[in-house]
Every structure is written in structure tokens, then in C-alpha cells.
Amino acid sequence: MVEDAAALLVDALAAGRELDLAGAALPATTLAAVLTDTPPPGAPALRLRRANITGLLRLTGAEVTMPVELRGCVFAQTPDLRMAHFAGLALTGCRLPGLRAGNVRVAADLLLDDGFTAAAPVHLTDAQIGGSLRLSAGRLRGAGGRALIADRIVVEGTFYARRLRSSGELRLPGARITGNLDFGGADLSSPTGDALDATGITVGGSLLAGRHNAGPDVAFCTSGRVLLPGSRVGGDLVLSGARIERSAAAAAADLEPAPGESRMPVVPGGIVDGAACLVADRIRVEGNLELDDGSRTDGTVRLPNAVVGGYLRLSGARLSGPAGASEFGIALLGDGMDVGGDLEGRDNGRGALICAGQLRLVDAHVRGSASLSGIELAAPGGYALLADRLRIGGELYMRRLHCAGTVRLQNAEIGATLDCTAARLEKPRLRPDGTARPSLDARAATVGKDMVCSEGFLAEGGVRLRGTEVGKSVQFVGATLGTLPSTVIPYALNAYGLVTGELIVRPAAAPSGRVRLTQAQVGSFADSAPLWAAAGGIDLDDFDYQKMNDTRVIDIRMRLRWLKQVIPDYAPGPYEQLAAAYRRAGEEQLSVRVLVEGQTRRSAELGLAARIWYALLRWTVGFGYQPWLAVWWLVLFAVLGGTWFAMYPPPPVDDGQNPVFNPWLFAADTLLPVVNLGQDGYWRLDGASQWIASSLVAAGWILATTAAAGAARILKRV
């Protein structure tokens, strides 16, 4: 019988036809003898179907010069193909206890697909495949936790693993694949905690691990981590629609930090991060990285120091950190990541990005724009978006962003616009003392063009722009700055040291905390009544703005009431700044009115004698800002003095001189200092006239001096 099987196999080989044994037994030694013997002349390939191969097929170091195609065969023992050389090898649909093929050489394709089943690990360590490696629709049931061991495998063509089902770890560290690596629709699980280990892999084409064209539900799925640290992908990394979860054992071991432990522990590094489901530290993708279109993760997606030449697409993804929607854990870790194109998280047809856990982009660099419009971030009580020193070449869109937690952009650099239109930032991070951190923290950030927080923008914990520089304008129009009590929010808007061309603060309602504009430098400033009704008032020390919009729309009396409302103790700076803004707008009279009001408030805080003196200055010369009042007072005193002296003319000092007395010129000569009108010194004054003349002299000096000072101030402005 054995001789018959061997003869049939040789005849089929010589004729170039397939031999179907329909389940008949074929000794492995017979098959090995035929494979290692010199093939008949012109034999194209050995093609065998449905053979039950008994015994051990040992081809260690053998040279098989013809292609071998086995379909639907069953092996009783694990074949040993180590260091063998094949022209081509196909084990399509075969069932094996396992496969030992380390250092195997296959000149063409190696096919382990379409129902190929291995109950123990498939060893392909250091194998070299001249064509493609196909595992599509295979079934790997690795014993001991590993289903495929292919460290440093070299595939000159494409590695197909579409719809592969594996219940053990797939190991591909150090693999080199010239074409694509295709895991479309594969379903991988592993008791070791790692479903796919492709550490340091090099893929010349694209790494495809998303949906399969068989249908939208046939997607790449893992129960266990996917390891890609240090990998290189020449094309795209596609994880569209993928479902990547940690193994049940890893998820069960994940605990929240103990009470008292820092809520921002040191982030674990690389593969030691047991909370991660996708580890891609330092990966380099020349094309796009697509984790979108319904992708779902359960654990941290690690992309620190990754380099993406094209776009990073997250639209439609559902990323859940190890602790879900809480302040603990990170959904996506992209520290130091470099994206050559845009970062997309907005709705592109399958919904926007949803992060249950922290989105972390510290020191990341996006050379294009970042669109996070409409996304949902949930890390209540923590940092939902932590992006210190984030650099974006274009715009950062966060329109209609819904965030439970704090958005932190400290020292970020945004090339164009930061657009937070209609964003809702709730449940900010809390300090140990129970006060809330800002819902939007852009401290020391740089924005090249505009920062827009309008049309329903809500920051429950307020906004911090301390030391921020914005090239064109900062706009809070129709915004709600703080909804928590003022005892919880230190500042509804902290713009200490803000530098911008235009600041518009016209909130929808009075801010629930203090507004701080100290040392801000603004080209133009636009406000509204709700701003000045801020709980806790407004800090205006050294607030410098060049002009104020709508100087004619808002009545001067209203503005003065606002200043008095927010400055309980007089400070000259705000009044001088407002007056300067009116003066630059050509409203000189309004400018003077502001300065006079400031001096009036100042006098109200002085002692009785000083208040009397300031009242005198107020009504006589307008504190020197209204010198024309002094002229009117001089005229009035001259008229009153002239009237008195007309009624009670003084006698001459010397009877021999007969001067002509003119009461009006005498009063003016007495009143005006320095000026001599020829009436002074000729008349003897006594009694009431003496006191009246002395009063005229004193009034003249005071009024003339203040009038001269006021005139000098006006000429200096001109």
C-alpha cells in the first residue's frame, strides 16, 4: 500500500496533476522521500489533496527543488522543516499539531491559509520568504500562549493575515516585510496579555489592521495588547474600525491609585505599561495613521515620540483609558509625537472622536492643523486634554467640543487660530483645597492669529490666559465664564500679562469669579455690562489698552459707574488709562471728565482739610484739567471786586498826586499777579476793603497758577 501511494504520488508529479487521496493514509517518510528525490523531468509541482499523513515529516535542512502544494491534508505529528529550502510551499487548509520551520527558506510564496489549522505554535523564526506569506483565514491555536513565533522573519512580498483567527500570541519582533502587512478582519486573542508583538518590525508598504472588505462587521479585533514600538511603516498604518482590548487578566489587574497617591503618576514606559492596549512608542509611519471609522480601544493607545509623515485620523474612534471616563488613566498618549499633516478628530461621517480618559499630547508637534471640533473628552475632575508645549502649524479647532475635565494648553504654540466656538468645558480638575482649576488653561501659550471663545462657549471653571500672546484678537462673545460659586473659582478669567491686538469680553452673563486683567497689554478693548458685574470684581492694575471700542455707544456715566463698582479703593491707573483711550479716540472732553472723576474719588478718601482743598480745586480749576474754569473765576472775582470798590472807593495815599480811580481796573490790577495796570499802590485800603483786596491777590495767584498749569498740560498733549 505504501509502495502504491508512493507510485501514485510520483505519477501525479510527473503528469503535473493533483493527487486526491480522499483521507487515505500517507506515511510521512514516503512523502519526504518523494520531496527530496530528484523530480521527474518537466514536473511542475507536487500537488496533494486530503491526505492523512502519518508519522513525522522530517525535512530538516532538506532541499526541495519543486513547488509543494498540500491542500486539506492532516498531519499526525508536527512537521520539522527547519533550515529546509523550498521552491514554494503551500499548506492550504491543512491541519497540523504545530509547525517547526525555523530558518526555513522559501523561494516563492508560503501559504498557510484558507482553513490552515495549527493546534500548537507555528515556528518561523528567521525564516526567509522570497514571495508572500499567507495566513489569511487560518486558525492558530497556540499551546503555552504563543501561536506564531516568527522573530526576524523576512518576507520579500506581502504578509497576508486577513480574517486570521488566533488564540495565542503572534510574535513578529524584528520582522522585515517588503510589501504590505495585512491583518484586515483578523481576530487575535492571547492568554499572555499580548495578542500581537511586532516590536521593531519594518514594513515597506502599509500595515493594514482594520476592516475587511467582507463586511463592516469583519474588523481587526484583539483581546490582548498590540506591540509596535520602534516599528517602521513605509506606507499607511490603518486601524480603521479596529477593536483593540487588553486581555481579561490585564484588565482585572488594573486598579485605581491608592488614596493619597498622586493623581498624575509617572507615565509607564513602553511595553511595561500594563494599562496599554496599543503600544507604538517611537513608531515611524511615512504615510497616514488611521485609527478612525469606529475604532474602539480598551486601554491606553501609546504613541509617544511617534513620527507620522501624513495625517493622524481619529474621527469616529472610541478610545477608552484603563479606568474609563475618570480622572485616572490615559486614553491616548502622544507625548513628543510628530505629525506631518493634520490631526483629525471631527465627524467625517461616522461620528467624532470620543475619549473616555485623558487625551495627552505633551510636546507633540502637528505641522498642519488639528481639528477636534465636536469631539467628546471625559476625565471629570482631571485633565481631559493635557497638551503642554503642543505645537500646531495651522489652526486648532475645538468648536462644539464637549469636555468633562480641564483642557490644558500651557506653553502651547498655535500658528493660526484657536477656535473654541460653542465648546462646553465642564467638571474641571480640582485642587487639594477644593478650588477648581481653570476649565481652559492656556497659560503662556502663543496663538498666531485669533483666539475665539464665543457663541455659547462655556468654561465652568473659568479661563486662564496668564502670559499668553495672541497675534490678532481674543474674543469672549456670548460666552459663560464660570458657573461654579466664586469661592470655588478664584478667577473666571485670568488674563494677567495677556498680550494681544484686540480683547473683546462681552460674556452672556456676569462671570461667576474674579476677572484679572492686570498688566495685560491690548491694542483695543471692547466690553459690556456683564463683564463689570463679575463676582469678585475686576483687577485693572497696569491694564494697558490703546483704544476702546464703542466710546460713543456706552455712556460715559455708565463707564464711570463700572469703574467705581470694581475699584472700591481709588487707584489712578484705570482712570488715566480710560482717559487716554478717550483722548486717542478724539473725545477730549470725555477724557477730562474721567480724570476729574478720578481726582474726585481720590479726594473722598482724604482727611477733612484735604477734602476741602480738593473741593476748592474741583470747582475752581477742575483739578487743573479744566483751566478755562479759572478764567471764569477770574472774571467773576474782578466783577465782584470792581463792584465793591465802586461802592466804597478808597482814598489816595498822597493828596498831592490826584490819580484817577477806576474801580474795575483796580480790581483787575489787584487780582492779576505780575500784571500792572497802573492802579496798584496809589490808594489807601483799610477795613473791609483791605481784606477784599488781599483775597483778590490770593485768588489771583491760585487761579493764574492753576490755569497756567492746565494750559501747559493741554499744550503738551497737542
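Glu 469 stands opposite Val 499 in strand E65, in a model that is predicted rather than determined by experiment. Residues are numbered from 1 along each chain as its sequence is written. Local features need pLDDT of at least 70 and side-chain atom pairs count only at pLDDT 80 or more, while totals for chains, interfaces and linings use all residues; side-chain values use heavy atoms, with hydrogens and water left out.

The pairing of Glu 469 with Val 499 belongs to a run of parallel strands. Strand E62, residues 469-477, pairs with E65 in the parallel sense over seven bridges. Two strands pair if DSSP finds at least two bridges between them. Strands themselves are DSSP runs of type E with at least two residues, helices are runs of H or I with at least four, and both are numbered from the N terminus. E65 is also joined by five bridges to strand E67, residues 521-526, and these two run parallel. Val 499 has Gln 521 as its bridge partner in E67, and Leu 503 stands opposite Phe 525 in that strand. E67 in turn pairs with strand E69, residues 544-548, in the parallel sense over four bridges. Here Val 522 stands opposite Tyr 545 in E69.

Is Thr 500 buried or exposed? Thr 500 is buried, because its relative accessible area is 6% and buried means under 20%, with exposed over 50% and partly exposed in between (1.4 Å probe, protein chains only). Leaving aside residues up to four places away in sequence, Thr 500 touches Val 470, Lys 472, Ser 473, Val 474, Gln 521, Val 522 and Gly 523; a contact means heavy atoms within 4.5 Å. The side chain of Thr 500 also reaches the backbone oxygen of Glu 502 at 3.4 Å.

The next topic is the nonpolar interior. A nonpolar core is a set of buried Ala, Val, Leu, Ile, Met, Phe, Trp, Tyr and Cys residues joined through side-chain atoms within 4.5 Å. The largest such core has 173 residues, and those with the most contacts inside it are Leu 46, Leu 124, Phe 183, Leu 409, Phe 457 and Phe 476. Not counting residues up to four places away in sequence, Phe 457 touches several residues, among them Cys 420, Leu 440, Val 463, Phe 476 and Leu 481.

Two loop residues have a backbone feature to look at. Asp 126 has a phi near 60°, a positive value in a residue other than glycine. Asp 126 lies in the loop between strand E15 (122-123) and strand E16 (128-129), and at 23% relative accessibility it counts as partly exposed. Ala 444, not a glycine either, has a positive phi of about 60°. Ala 444 is found in the loop between strand E57 (440-441) and strand E58 (446-447) and, at 30% relative accessibility, counts as partly exposed.

Last come the totals for the chain. The chain has eleven helices and 69 strands. Of its 718 residues, 54% count as buried. Among contacts with a separation of 6 or more, 56% come from residues 24 or more positions apart.

Technical notes. Polar contact = N/O pair within 3.5 Å; in protein donor to acceptor, adjacent residues only side chain to side chain.
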